[in-house]
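Open the structure in your viewer and get ready to select a few groups of residues. We will start at the ligand and then move on to the pockets.

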Amino acid sequence: MIHSLRFRLLVAFTLVILVVVGAIYLFVSQTTQVEVRRHVERSEQARFERVAFELYHYYRERGGWEGIQPYVEQWGSLYGRRIILTDSCGIVVADSQGELLGQQYHPSTPGMRFPPPWEGDSVGTFYISPESSAVFPSPWSLSQAIGHFLLWGALLAATVALVITYFLSRRISAPVKALTLAARQLGRGDLSQRVQSKDKGELGELAQAFNAMAENLKRNEQLQRNMIADTAHELRTPLSNLKGYLEAIRDGVVRPDPDTIRSLDEEANLLSRLVDDLQELSLAEAHELKLNCQAGDIKKLVNQAIAVRQNQAATKGVLVSAKMPKRLPQVNIDSRRISQVLLNLIDNAITHTLRGGIITIAARQLDSWVEISVEDTGEGIPAEDLPNVFERFYRVDKSRTRATGGTGLGLVIAKSLVEAHHGTIVVESELGKGSRFSFTIPVSE
Ligand code: ADP
């Protein structure tokens, strides 16, 4: 409960509300105190001036303080203050409360002498008592009232905010809970788990990422299953051929003559090639091939590959030639691996080209890449098979390729090797006219 997202959201919202209300309280009470004090001081001053004005005029009109008492009483009750007026000798001539009349006054607060010193001799001084009940509320009682008001406001705001947070946090935590549940199921092996989310923000992205991950896992699992099934299927044929030959020899049906032994050897070779290719492919697909990239001369590599396959091509009556530009930049490659790609493409071209055909290996620079193409005038590949030739164990003509000993893995491995160099490999072909396989490798910096 304490660790739940919902609880944390509630706590966070409550804290924010408390901090905001506290800050508002401090600010408002400070400001009001200052303003109220200023206002009280100003009205006090105005009162003083008003009383002084009235007294001064009274004195000027009457020439003395005779009959002033009722006026002072009136002003006292009007302002809610005790007003005391003394003559120039300090004897009380008027008291709004009527208690000190005729007595010597000992003021506790400063009074106001009039007229002012620059207008002549003093005719009297008056005092307004500060301690009597004020008409205006004190600054403290005002800020207390604001505090109460804010407290109730804060309580109301906090209640509303908590109710909103409760529903909001449910909306936020629901997709997270759904994701957790789906992730748990996925972890238990149920790869069909997906989460629905209409959220366009981070939670929506998280849900999308989760679904993409689940989709990938499912695809990988399918690929792995297919791979095992395909591998078992591919291994079964040469193995059952071997078994058949051996059983026939054991039963005396076939004699172990040189021809039989050659057939046995071919099947064993195919098996071992298959195992080698599979191992190479698994390394390449796991990106664990260790490339030893160095600056190298691609022309030299092409010429070497042609030389290696010259005899094979000649036996088949096919011409293999290179068409290289005069100047080509050095390339950054693992020569052994790129030779392997070249040999594989040349092998395929020889296999699928009839006597009298021509195989041309060309190269050209494309920006920071060098493109190498192996083009033949062979049988070509049907358009519907073209997208599949880079898939493992894919053979356009199964029976014929089996006879030639192909594993159906050559192009997949070639693709992985080229991609390990960050290049691409593509094929163009026209049935009956020939095929052109081309791949790119990076120019050395
Ligand atoms: P394989 O071991 O069967 O040659 P690859 O992966 O090298 O396997 O080739 C896959 C398939 O692509 C071949 O079986 C063949 O049908 C087709 N193919 C490859 N190269 C050529 C080519 N130059 N001309 C026609 N078909 C080709």
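A polar contact here is a pair of N or O atoms within 3.5 Å; within protein, one must be able to donate a hydrogen and the other to accept it, and residues adjacent in sequence count only if both atoms are side-chain atoms. This is a predicted model, where local features need pLDDT of at least 70 and side-chain atom pairs count only at pLDDT 80 or more, while totals for chains, interfaces and linings use all residues. Residues are numbered from 1 along each chain as its sequence is written, and side-chain values use heavy atoms, with hydrogens and water left out.

**Stop 1: the ligand's contacts**

Select S435: one of its polar side-chain atoms is 3.4 Å from a ligand nitrogen. Next, show D376, where a side-chain N or O atom lies 2.9 Å from a nitrogen atom of the ligand. Then pick G408, which has a backbone N or O atom 2.9 Å from a ligand oxygen.

**Stop 2: the shell**

**Stop 3: another pocket**

A pocket is an open set of points on a 1 Å grid over the protein atoms alone, where a 1.4 Å probe fits, with protein on both sides within 12 Å along at least five of seven lines; lining residues have an atom within 4 Å of a point. Select E285, R392, V412, K415 and S416: of the 17 residues lining the second largest pocket, these lie nearest its centre.
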